[in-house]
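Please keep the sequence and the structure in view while reading.

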Amino acid sequence: MKKIKEWFFWIIIISSLAVATKAVYLTFILLLLYHVFTRVPLKKVLTYGLTGILTFYLVFNTIVNKIFVNSYDVFMYGYRREGLLFALTSGRNEFIEEKLEPLIFNIWTTPNFLFGGQDVTEFYMEMGFLDLFLFFGLLGSIIYCYIFFKLFQKIDFDSNFKIFLFFVIVSIIATAGHFFPSGIV
């Protein structure tokens with residue numbers, strides 16, 4: 001039985017890495033950090049962690065510097081072009097101005113606010129919680145979150161790990177741009 005579980009574990013890990021999405025990589029990194037911080041003494045984490053980070057930087061400093069400089073340049077370009085909100089939301093604030101405001105103020109009626117309803121492809125915000133509200137409305141979102149919470153409670157994990165897992169799931173939903181079409185989210 002242990003061999004079957006081990007093979008299953010490696011199949012899941014390899015297939016997840018093959019999907020190649022930021023959400024999966026972020027989850028794996030956070031999961032690794034969770035286990036390191038909960039199972040390794042803080043002194044060792046700091047000692048080995050700082051040593052590892054410093055060594056990694058010294059070996060790969062040109063690549064790391066290029067990545068940081070490029071990220072900074074992209075952010076500053078967005079900031080100079082459209083302002084801080086545009087740079088922070090990667091331009092998604094324009095979706096809100098161009099799609100959300102006309103949808104809510106010109107198209108929606110009272111039942112839409114309660115139960116949602118819109119063309120998912122035309123009014124897609126690429127912000128998970130907004131998409132949830134637009135699809136289900138206020139009442140539908142509350143029911144969705146209630147069902148999610150009830151199902152989440154049935155997971156048989158340690159309470160600290162459940163809190164961590166909840167944080168990871170909410171973070172991915174909040175930042176992922178594909179709440180409905182993505183099975184990962």
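Leu-33 lies in helix 2. The model is a predicted one, and in it Leu-33 counts as partly exposed, at 38% relative accessibility. Leu-33 is one of the residues of a nonpolar surface patch of about 780 Å². Helix 2 gives the most, with four residues.

**Helix 2**

Helix 2 is made of 18 residues. From its first C-alpha to its last it reaches 26 Å, close to the 26 Å expected at 1.5 Å a residue. Which residues of helix 2 are buried? They are Ala-23, Val-24 and Tyr-34. These three cover an arc of only 95° around the axis, so they sit on the same side of helix 2. On the other side of helix 2, the exposed residues are Lys-22, Ile-29 and Leu-32. As a general point, an α-helix has 3.6 residues a turn, so residues three or four places apart point the same way.

Ser-16 has its place in helix 1 (residues 2-19). Is Ser-16 buried or exposed? Ser-16 is buried, because its relative accessible area is 17%, and the cut-off for buried is under 20%. Apart from neighbours within four places in sequence, Ser-16 is in contact with Val-24 and Phe-28. Val-24 is among the buried residues of helix 2. As for Phe-28, twelve residues separate it from Ser-16 in sequence, and the two are 9.4 Å apart in space, C-alpha to C-alpha.

**The salt bridge**

How many salt bridges does a search of the whole structure find? The search finds one. It joins the side chains of Arg-81 and Glu-82, with a distance of 3.8 Å from N to O. Arg-81 is partly exposed, with a relative accessible area of 45%, and Glu-82 is likewise partly exposed at 43%.

The table collects the relative accessible areas given for single residues.

| Residue | Relative accessible area | Class |
|---|---|---|
| Ser-16 | 17% | buried |
| Leu-33 | 38% | partly exposed |
| Arg-81 | 45% | partly exposed |
| Glu-82 | 43% | partly exposed |

**The protein as a whole**

The protein has eight helices and zero strands. From the N terminus on, its elements run α-α-α-α-α-α-α-α. Of its 185 residues, 23% count as buried. The protein exposes about 13,800 Å², and carbon and sulfur atoms supply 71% of that area. Among contacts with a separation of 6 or more, 48% are between residues 24 or more positions apart.

Technical notes. Residues numbered from 1 in each chain as written. Predicted model: local features only at pLDDT ≥ 70, side-chain atom pairs only at ≥ 80, totals over all residues. Heavy atoms only, no water. Salt bridge = Lys/Arg side-chain N within 4 Å of Asp/Glu carboxyl O. Buried < 20%, exposed > 50% of the residue type's maximum accessible area, 1.4 Å probe, protein only. Helix = DSSP H or I, 4+ residues; strand = E, 2+ residues; numbered from the N terminus. Contact = heavy atoms within 4.5 Å. Areas by Shrake-Rupley, 256 points an atom, 1.4 Å probe, with all protein chains shown as cover. Patch = residues over 30% accessible without salt bridge, like charges linked within 9 Å, V, L, I, M, F, W, Y side chains within 5 Å. Expected span 1.5 Å × (residues − 1). Arc of directions from axis to C-beta.
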